[in-house]
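The sequence and the structure come next.

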Amino acid sequence: MRQFDENVDGYYDVENQLPRYLRRLAEPQFERGDERREAIDSVAAAEEHRERVRKDFLEAIGGLPEERTDLNATRTGRLEYDGYAVETVIFESLPGFHVTTNVYVPEGASADDPRPAVLFVCGHAATAKTADGYQQGCIDLARNGFVVLAMDPIGQGERHQFYDSEAESIPISDDSRDYPRVNTLEHTYLARQCMFAGANVARYFVWDGIRALDYLESRPEVDADRLGVTGNSGGGMQTSYLMLADDRIAAAAPCCFITSKEAYMRTGQGQDGEQIIHRAIDRGPRYDDFLLAFAPKPALIGASQSDFLCIEGTHQSYERASSVYNLYEAGDALELTVADSTHGFGPELREATVNWFRRHLAGEPPTFETDDPSTEDRERLRCTEAGEVRDAYPDGRTVVDLNREYLAETAPEAATAPAVDDTDDYTCQLRERLVDRFDLERDRPDLYPRTIETERNGDVTWEKVFFPSEREVIVTAIIATVDDGGTEEPLVLLLEEGTDEIEERREEVAALARKHGTVVVTDPRGVGGVCARDVNTRLQNGGDYYDYHGTVYKLASDALMLGTSLLALQTFDILRATEYLRSRLDEGNTELAIESRGPWGVQALLTAVVEPSIRTVSAVEPFPSFHEQATTAEIPVDHRLNVHGIVGEFDIPQLLPALEDRDIDWDGDLSRYRHPSADETV
């Protein structure tokens with residue numbers, strides 16, 4: 001028996017079903033969002049919308065730290081240029097969490113002559129604040145009289161969270177084809193950890209920006225009433241987040257970021273983890289929400305006509321936001337500038353940005369024209385000797401440390417199972433919460449299973465089967481049976497790549513069939529015989545099917561923004577596979593087993609909690625708990641497990657008490673998850 005060929009051996013076109021399913025979920029959410037925006041018919045309604053969006057955004061990223069601790073700002077150097085100076089400054093946005101910056105100070109700025117200030121947040125260039133285009137933007141602003149603070153984001157410039165001082169070199173390249181393997185990989189890796197905790201790494205991006213504004217306010221040559229923020233690409237994202245999170249910003253210019261969720265979803269492109277905000281399609285914020293919430297303060301949308309960020313979406317968000325600015329009679333405070341270029345902070349956008357701040361922060365006419373200023377050697381702009389905060393501050397904290405501390409505050413007992421007095425009551429409540437959270441009682445069509453191939457090999461009969469899991473979702477399975485049955489319960493088997501592994505695991509599956517009588521090797525949606533087509537379109541952001549920024553990551557990200565997860569959708573499919581297996585058995589034979597390989601261990605447990613007929617759960621080389629994955633620097637990564645807020649809710653420690661009456665054969669030490677007072681025998 002071979003694995004399935006494409007499109008279920010030609011019986012069913014399934015390559016588009018998972019992307020199509022997610023878009024079908026998105027459509028009513030987009031419609032509800034449009035209705036909410038159309039209902040904003042007054043200033044009062046606009047302000048109510050702003051507060052709701054801000055509340056939802058902060059909740060989705062895990063809130064913000066409550067205390068503004070001492071910045072402990074240190075100037076490590078100063079360089080003099082014609083008309084301005086650059087200071088290299090390090091501050092701590094949180095104790096021991098170091099932020100590296102370049103502060104451009106225009107000539108003549110002082111406590112007696114304070115100037116407007118602009119926070120320049122950087123996009124995904126590996127060199128961050130020292131990238132040529134970003135240096136030029138800061139120089140242009142400084143020569144126009146603005147104090148400018150250019151800040152390295154997490155994972156870029158001098159702030160690599162996983163820097164190893166013993167390594168011969170740092171894996172950074174100016175080649176755009178290489179950059180996803182460094183800074184963007186760190187972003188997404190850290191975002192997964194924060195996601196499991198019910199937060200997002202954007203929490204720390206935003207907090208760094210807020211503290212950078214605090215630092216600017218503290219400088220004597222800065223007029224704290226005239227603060228602006230700008231950035232390009234990932235910097236446009238940070239600008240937009242800060243527009244929503246910090247009321248001190250008097251004017252803003254997000255560049256090469258604003259589009260629309262609808263338009264961007266159609267491109268099939270992925271985004272870094274800090275851009276995947278839980279339920280962003282469901283409840284916002286969408287791109288236009290950042291603008292709506294900023295009204296009536298001056299906001300310039302910088303865009304590129306041929307950007308991979310859809311220009312039609314940019315116009316759509318601009319038009320939506322304009323209607324709200326008009327309610328404030330401030331239509332001229334919102335503008336859209338479109339450069340005739342591809343993605344990037346080129347001269348046209350730099351000029352527009354400088355002139356925007358000249359008008360709205362300095363009261364000067366928008367007459368500036370850039371001369372493409374010369375940039376400084378990057379090493380001279382370093383804040384640290386080796387160009388890495390992890391080298392300069394080996395005892396400093398990383399995002400992994402911060403997430404560990406976050407969970408210690410928000411879910412202090414999540415690492416071990418709760419003490420349970422009434423197991424039946426606990427199991428019932430957990431099952432109800434799980435069914436509700438994962439929407440596991442939605443409509444189930446009749447299975448109508450179709451056996452499209454049968455093969456006899458010795459004492460084992462092999463079958464290829466497919467059936468509908470839900471409307472417009474087909475799942476596949478390969479069944480192995482032996483004539484006289486086995487001594488153990490019939491088995492649902494979850495292989496890491498589903499039935500795609502059947503040929504290399506033929507003997508292993510046959511041996512399991514001799515033990516269990518019947519084995520169903522199932523393919524939940526997106527796996528094996530029902531893999532999705534590759535959905536990423538840009539080589540810079542692409543990857544193999546299971547890689548960072550590959551197909552599974554993209555689809556998992558869309559699911560998260562829709563308020564669900566691949567974990568939830570695939571758990572539903574596994575439950576349907578158990579229904580199929582029961583349909584093959586005699587009525588008296590209702591007890592089943594489930595066995596997993598690799599990342600499927602938690603789905604096996606989740607399925608067993610929901611389905612009492614599963615009496616045995618086995619896991620071979622399972623992943624550690626989500627709590628361990630959220631708090632450990634080096635973790636295995638499988639984007640099928642991307643789910644928001646699972647720690648302390650439906651993690652391994654919380655599932656175990658509901659399975660005390662089952663046989664659990666776990667490849668590894670389960671005792672570390674059990675409550676200290678519990679019987680450690682499994």
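## Cis peptide bonds

P296 sits in the loop between α10 and β8 (299-304), and the peptide bond that runs to P296 from A295 is cis, with omega near 5 degrees. Another cis bond joins G284 and P285, where omega is about 5 degrees. P285 belongs to the loop between α9 (280-283) and α10 (287-292). Helices (H or I, at least four residues) and strands (E, at least two) are DSSP runs, numbered from the N terminus.

This is a predicted model, in which local features need pLDDT of at least 70 and side-chain atom pairs count only at pLDDT 80 or more, while totals for chains, interfaces and linings use all residues. Residues are numbered from 1 along each chain as its sequence is written, and side-chain values use heavy atoms, with hydrogens and water left out.

## Positive phi

Most residues other than glycine have a negative phi, and most peptide bonds are trans. H549 is not a glycine, yet has a positive phi of about 65 degrees. H549 lies in the loop between β14 (518-523) and α17 (551-561) and is buried, with a relative accessible area of 2%. Buried means under 20% relative accessible area, exposed over 50%, and partly exposed in between (1.4 Å probe, protein chains only).

E621, also not a glycine, has a positive phi of about 50 degrees. The loop between β16 (614-620) and α20 (626-631) holds E621. E621 is exposed, at a relative accessible area of 61%.

## Negative surface patch

E621 takes part in a negative surface patch together with E496, E497, E503, E504, D665 and D667. Patches are made of residues with over 30% relative accessible area and no salt bridge, like charges being joined within 9 Å and nonpolar side chains (Val, Leu, Ile, Met, Phe, Trp, Tyr) within 5 Å. Asp and Glu count as negative, Lys and Arg as positive, and His and the chain ends are not counted. The place of a charge is taken as NZ of Lys, CZ of Arg, CG of Asp or CD of Glu. Accessible areas come from the Shrake-Rupley method with a 1.4 Å probe; for residues, only the protein chains shown count as cover. D665 is part of strand β17 (residues 663-666).

## Salt bridges

The structure holds 63 salt bridges, each a side-chain nitrogen of Lys or Arg within 4 Å of a carboxyl oxygen of Asp or Glu. D132 and R378 form one of them, at 3.8 Å from N to O. This pair links distant parts of the chain, 246 residues apart: D132 is in helix α4 (residues 132-143), and R378 is in the loop between α12 (347-360) and α13 (389-392). D132 is partly exposed at 38%, as is R378 at 27%.

In the salt bridge of R514 with D459, the closest N and O atoms are 3.1 Å apart. R514 lies in helix α16 (residues 506-516) and D459 in the loop between β10 (450-457) and β11 (460-470), so the pair ties together parts 55 residues apart in sequence. E221 pairs with R219, the closest N and O atoms being 2.8 Å apart, and both residues are buried. A network of salt bridges links D34, R37, E262, D288, D289 and R320.

## Cysteines

There are zero disulfides in the structure, a disulfide being a pair of cysteine sulfur atoms within 2.5 Å. For C310, the nearest cysteine sulfur is that of C256, 13 Å away. C310 is buried at 7% relative accessibility, whereas C428 is partly exposed at 35%.
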